[in-house]
Amino acid sequence: MAKHHITATLNGEPVEFLCSTRQTLLDVLRDELNMTGSKEGCASGDCGACSVMVDDRLVCSCLVLGAECDNKKIESIEGMADGEKLHPLQTKFLEEAALQCGICTPGVLVAAKALLERNNNPTETEVRYWLAGNLCRCTGYDKIVRAVMNTAADMRENAK
Amino acid sequence: MESIEFEKPETVDQAVALLQGASGNAKILAGGTDLLVQLRAQMLEPSVIIDIKHIEETRKLTKNSDGSYTIGAAVAGAEAGDRDDITKDWPGVIEGWELIGSTQVQGRASLGGNLCNASPAGDSVPAMVAAGMTVNIAGPNGRRTIPVEDVTVAPGRTCLEKGEFVVSFNLPARPAGGGDAYLRLIPRTEMDIAVVGCGVAITLDDAGVVKTAKISLGAVAATVLVVEDAAKAIIGTKLDADAMSALDAACQAACKPIDDKRGTIEYRTKIAGVLARRAVTIAAERAGEK
């Protein structure tokens, strides 16, 4: 069948793409739109490396079809920094070396940003549960969780 | 691989016509958290995927004037969990729903999908059964409403006929003195498939005597079970030690589990009784809260 013609917004900008039914949003981002920040880890919704926001909900882009995204608001890791200015989470992850190989990092950052927008003062338990779907195989969870907690503390301080 | 058609009907009738007219295997898409995994693993080869999320009825979670709820089949767990009303009225139903997968999966996973995937271990199902929820099914012969426990007939198989799909669910008003709970056992703290799940809904009178009870077990048989003897064991009691022992024994007697890497038959059976005791205790505490 003919490909689907989809119109959406990606990180605030209008985008158009063609996709087949089988292509996931992750396939579309990486292969059609050349946005390779979102990673494919498991392609079955277990690892969270492909995390994006669709209509303000955190989802795995490997579990969304491109064809579903007509008129959707999509936000990926590429939209997190404001030009050259990094998001506070990105800065903190660099300062505290909260990453090793970096494959899980885009998904962790997108998921952590979604958490801090809902809850600017999460407990460690809340951070760990929220990020339970973001797997890091370099065993870096403690640094990741600390960086998220410390970013939240900075953001609360700066908001005063 | 053959290409797959993709349809997004805006009415129930259009969806039924598409399901009925499909030449091959038609699959319904709601949250996609099972469907896309199965597609990727080539476990199924649909001719058409029908996205039901453009049908308004499937996307709405409404509290009705009588205190009951109508829950669209494609409403995501995260959307329900953000609602104070249903979370307060039926915490057990929400607990089961919100145990499905990660935060990301919660952003998509629906009750309709969890039920129709027909896994014996679906986490949302025992609490839905205990709460007395029913399913609104649309098909070529119109609509029918059946209890949630009647939908799954075997692992991976539902009673839905060709052309039928689940549009929404009915959840009763929380009764006076009512409380519910869902507990599951998994070997880790998050992100796993239930070894045993137990949903409980009870009502207590002013003296703390159990008036009504419905107890449901998941992952211990081919389909989710309703354990009537477990309910009988506690109705008319104040949940004293004898009643709890009888409850435990009735749950164990109802189990017909499989042996696998997640748990042996003996382990699953024993845990079913333990979870039932704990879930009843939580439901009773909630029933006592005003």
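Me: Why is strand S13 (residues 210–218) of chain B called largely enclosed by the rest of the structure?

Reply: Seven of its nine residues are buried, so the rest of the structure largely encloses S13(B). Buried means 20 or more other C-beta atoms within 10 Å of the residue's own, with C-beta atoms placed from the backbone. A strand is a DSSP run of E, at least two residues, numbered from the N terminus. This is a predicted model: local features need pLDDT of at least 70, side-chain atom pairs count only at pLDDT 80 or more, and totals for chains, interfaces and linings use all residues. Residues are numbered from 1 along each chain as its sequence is written, and chains are lettered from A in the order in which they are written.

Me: What makes strand S12 (residues 196–204) of chain B and S13(B) a pair?

Reply: Pairing needs at least two DSSP bridges between two strands. These strands have eight, in the antiparallel sense, so they pair. B:Cys198 has B:Leu217 as its bridge partner. Five residues separate the strands in their hairpin, where B:Gly208 takes a positive phi near 85°.

Me: How do you know that S13(B) pairs with strand S14 (residues 225–226) of chain B?

Reply: Two bridges join them, antiparallel. The cut-off is at least two, so the strands pair. B:Ser216 is bridged to B:Val226. Six residues lie between the strands of this hairpin, and B:Ala219 in the turn has a positive phi of about 70°.

Key. Buried ≥ 20, exposed ≤ 12 C-beta atoms within 10 Å, placed from the backbone. Helix = DSSP H or I, 4+ residues; strand = E, 2+ residues; numbered from the N terminus.
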